[in-house]
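Colleague: I have a few questions on the fold and on two of its residues. Could you show me the model before we start?

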Amino acid sequence: MGEDGAVTSAPQCPDGPTPMLRLIATDLDGTLLHDDKTVSPRTVAALAAAEKAGIEVFFVTGRPARWMGVVSDHVQGHGLAICANGAAVVDLHAVDPHSTASPTGREFVQVRPLPRITALKVVEALRAAAPGTSFAVELTNGINYEPAYPPFFQDTGANIATAEELLYEATDDDSAPVLKVLAHHAELAPDEFLTLARSVAGAYAAITRSSPTSLLEISGLGVSKASTLALCCEERGISAAEVVAFGDMPNDVEMLSWAGTSYAMGNAHPDVIAAASGRTVANNEDGVAIVIERLLAERAAGARS
């Protein structure tokens, strides 16, 4: 994705020895996946080798659970992923065809929702500050959107209405939690839109972006890839120093800053490059796999010495 960064020709490793590695946290689009949304054989092999060495692998993505099929076969063992920029932790292997929690049947292990009343405040602020903004509402059971919202993907069963109508607080206790609100603008530049949104609505919610278009992702205040990853690591007794993270876009910045060792992709946004402790090559050059291979080789050499 990272349309703003130059491509490097070789990894740039952080200074000093790599700490004990217990968990790999990687973004998907623009990072682990090639631009055609596939996982290369080299990357599949590197992930499997990491798991075999006892290192957990977490996919940490802005994607919803229903778009995780592209990688669900490439996590050994635990099968957990952090989706929707930290708003949900999903078990990729717990598939129940009769589940009402997820349209894919995957189990939501944890949900950190965006309160509907808060989402309405953000919508109101963005409508006033950036006329022409259109919205979509991502729920645990699917997505609904406004008539003007671009049809990036075809989601069957979506409700089409204004954001205010879609976010109306239903009295039904079984109404699906809101994971995030998406805001699109056809004219503002992506970073300009992000800066504006944070200035007028950043007090209400966490606002970021991962798309090369002017598409913002709005989550509950304090919800991010980093904060949810930190909670998952705490449950496992894993410290930030034992985590290596990879990313390419602004929604990865907090995670890369939190992890003890982090890599910006060769195609990364400038803010990501500034936040990471190292750089690797672009996603289409298997930048994540290259680093994993090196880390495993270092571990094996240390075990022999």
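Modeller: Helix α5 (residues 190-201) lies across β8, β9 and β10. Its direction is at about 175 degrees to β9. Keep in mind that this is a predicted model.

Colleague: In what order do the strands of the open sheet of 5 strands run, and which stand at the edges?

Modeller: The pairing is antiparallel, and the order is β7-β6-β8-β10-β9. Each edge strand has a single partner strand, so one side of each is left without a neighbour in the sheet. Those edge strands are β7 (142-145) and β9.

Colleague: By how many degrees are neighbouring strands of this sheet turned against each other on average?

Modeller: Direction is ignored for this value.

Colleague: What is the bridge partner of A136 in β7?

Modeller: Strand β6 (residues 134-139) and β7 run antiparallel, joined by 4 bridges. In β7, A136 is partnered by Y145.

Colleague: Is R209 buried or exposed, and with which side chain does its own make a polar contact?

Modeller: R209 sits in strand β9 (residues 205-209). Its relative accessible area is 0%, so R209 counts as buried. Its side chain makes a polar contact, at 3.0 Å, with the side chain of D191.

Colleague: What separation do the C-alpha atoms of L256 and A25 have?

Modeller: L256 belongs to helix α7 (residues 253-258) and is buried, with a relative accessible area of 1%. Beyond its neighbours within four places in sequence, its contacts include F246, Y263 and V272. A25 is 231 residues from L256 along the chain, and their C-alpha atoms are separated by 9.3 Å.

Technical notes:
Residues are numbered from 1 along each chain as its sequence is written. This is a predicted model: local features need pLDDT of at least 70, side-chain atom pairs count only at pLDDT 80 or more; totals for chains, interfaces and linings use all residues. Side-chain values use heavy atoms; hydrogens and water are left out. Helices (H or I, at least four residues) and strands (E, at least two) are DSSP runs, numbered from the N terminus. Buried means under 20% relative accessible area, exposed over 50%, partly exposed in between (1.4 Å probe, protein chains only). A polar contact is a pair of N or O atoms within 3.5 Å; within protein, one must be able to donate a hydrogen and the other to accept it, and residues adjacent in sequence count only if both atoms are side-chain atoms. Contact means heavy atoms within 4.5 Å. Two strands pair if DSSP finds at least two bridges between them. Axes are lines fitted to C-alpha atoms, for helices over the stretch in contact, and angles run from 0 to 180 degrees between N-to-C directions.
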